[in-house]
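Here is a friendly walk through one structure, moving from a single residue to its strand and then to the ligand. Please keep the view open as you read.

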Amino acid sequence: MDRKQFIKKFEHHFAGEPRLFRAPGRVNLIGEHTDYNDGFVFPMAIEFYTTVAIVPTRDRKLYIRSENMDELIAIDLDDNEERRNHWSDYVSGMAWALEKEGFRLPGASLLIESEVPVGAGLSSSAALEMASALALLSTVGGELDSQQLALLGQRAENQFVGMNCGIMDQFISVHGKKDHALFLDCRTLDYELVPLKADRVRIVICNTMVKHELGASEYNKRRAECEKGVELMSADYPGIKALRDVTLKQFEKVQHKLPEVVRRRCRHVITEDERTQASIAALNDEDLEEFGRLMNASHDSLRDDYEVSCKELDLMVDIARSQPGVLGARMTGGGFGGCTVNLIWADAVDDFVEDVAREYRESIGLQPAIYISVPSDGAHEWI
Ligand code: GLA
């Protein structure tokens, strides 16, 4: 996307000289369905950005145009308590959250365009929230630190949009850094930027091109099953607040007391937290093979214990694992469709892209999109 052209597009629809803000999507390397269990995640921001151009107005209305949707919607800030079940909910939800935080917004014209594929599990919604948050804040000259910004985005998504997500997506969209992945402790929000120079290996993202409807309801169900696990295990381990507090050893001692499904959900989260921490150690030791094995184990656990994969994701992972030069392959994000993430030796990537696309298409009749991304910078003003 070209900055000057984007400004021209803005001027075609609205008056005034806009400021531009961008925020990226993300891919999670490992640590899946752990964020809402106070655990660990290891995502990176990808080179796909959502851009928001904004000019303040004085009429307490948001005029929001999406280039992707080719649609304009007007939102009255004095009548903005409820979601509209519309793409604009992520923007008006951010406005709602900022106003709840005490920022009184004047109104604004906004033009939005996203490079993050929508519905692919690459956090197009968090990218839209974070770019909108910076844009809206600029109209009042307001400032929030990056952690507050991420938390406010999560609040908009939980309480306005109605998706009970954890903190990972908004956090990485704000804190991403070029050439680094981000190891986040979702309880304390302490994080470490871990160098991930794509010289020997590449991160390759394969889009299955499917998105199954069950996503949101199953997500909330998993959260409830995890909470049930904590409640039941607190009889033996008083004081535990989240699955993060239970070690694998402790879990193994009491797992027979848990109902079968709850037991498998807990086992996924507890082993995934261990894998995520081990993956950082592997990277520090430059042991990329071990990192890949941990990614593979993560997928198997998500498929068998957590049951958030689907046949298209499993197929994409199986095809990937049968290619030369692949260190690890797993689903990424919430699941039930969307993308896989693959760690591949750099010199094997060209063949991988061609062969995986062909084999997937021949098996299932869908042409997958395959993206190669280096870790990128988080949300910022585009100057
Ligand atoms: C979605 C949610 C995140 C996280 C992942 C699963 O992307 O938005 O908070 O829970 O699923 O790891």
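Met44 lies in strand β2, where strands are DSSP runs of E with at least two residues, numbered from the N terminus. Met44 has a relative accessible area of 0%, and that makes this residue buried (under 20% relative accessible area, with a 1.4 Å probe and protein chains only). If you want a sense of scale, Met44 and Leu243 are 199 residues apart in sequence and 24 Å apart in space, C-alpha to C-alpha.

A word on what you are looking at: this is a predicted model, in which local features need pLDDT of at least 70 and side-chain atom pairs count only at pLDDT 80 or more, while totals for chains, interfaces and linings use all residues. Residues are numbered from 1 along each chain as its sequence is written, and side-chain values use heavy atoms, with hydrogens and water left out.

Strand β2 (residues 40–56) pairs with β6 in the antiparallel sense over two bridges; two strands count as paired if DSSP finds at least two bridges between them. Val41 has Leu184 of β6 as its bridge partner. The hairpin of β6 and β7 has five residues between the strands, and Leu189 takes a positive phi near 65 degrees in it.

How enclosed is strand β6 (residues 180–185) by the rest of the structure? Six of its six residues are buried, so β6 is largely enclosed. Both faces are covered, with His180, Leu182 and Leu184 buried on one side and Ala181, Phe183 and Asp185 buried on the other.

Now to the ligand. Its surroundings include Arg26, His33, Asp35, Cys165, Gly166 and Tyr219, where a residue counts as near if one of its heavy atoms lies within 4 Å. The table gives polar contacts, which are pairs of N or O atoms within 3.5 Å.

| Residue | Part of the residue | Distance to a ligand oxygen atom |
|---|---|---|
| Arg26 | N or O atom in the side chain | 3.0 Å |
| His33 | polar backbone atom | 2.7 Å |
| Gly166 | polar backbone atom | 2.9 Å |

Taken alone, the ligand exposes 310 Å², and the protein buries 94% of that (Shrake-Rupley method, 1.4 Å probe). The shell draws at least three residues from each of domain 1 (3–197 + 377–381) and domain 2 (201–373), with bounds from an automatic or database domain assignment.

How values were computed:
A polar contact is a pair of N or O atoms within 3.5 Å; within protein, one must be able to donate a hydrogen and the other to accept it, and residues adjacent in sequence count only if both atoms are side-chain atoms. Buried means under 20% relative accessible area, exposed over 50%, partly exposed in between (1.4 Å probe, protein chains only). Helices (H or I, at least four residues) and strands (E, at least two) are DSSP runs, numbered from the N terminus.
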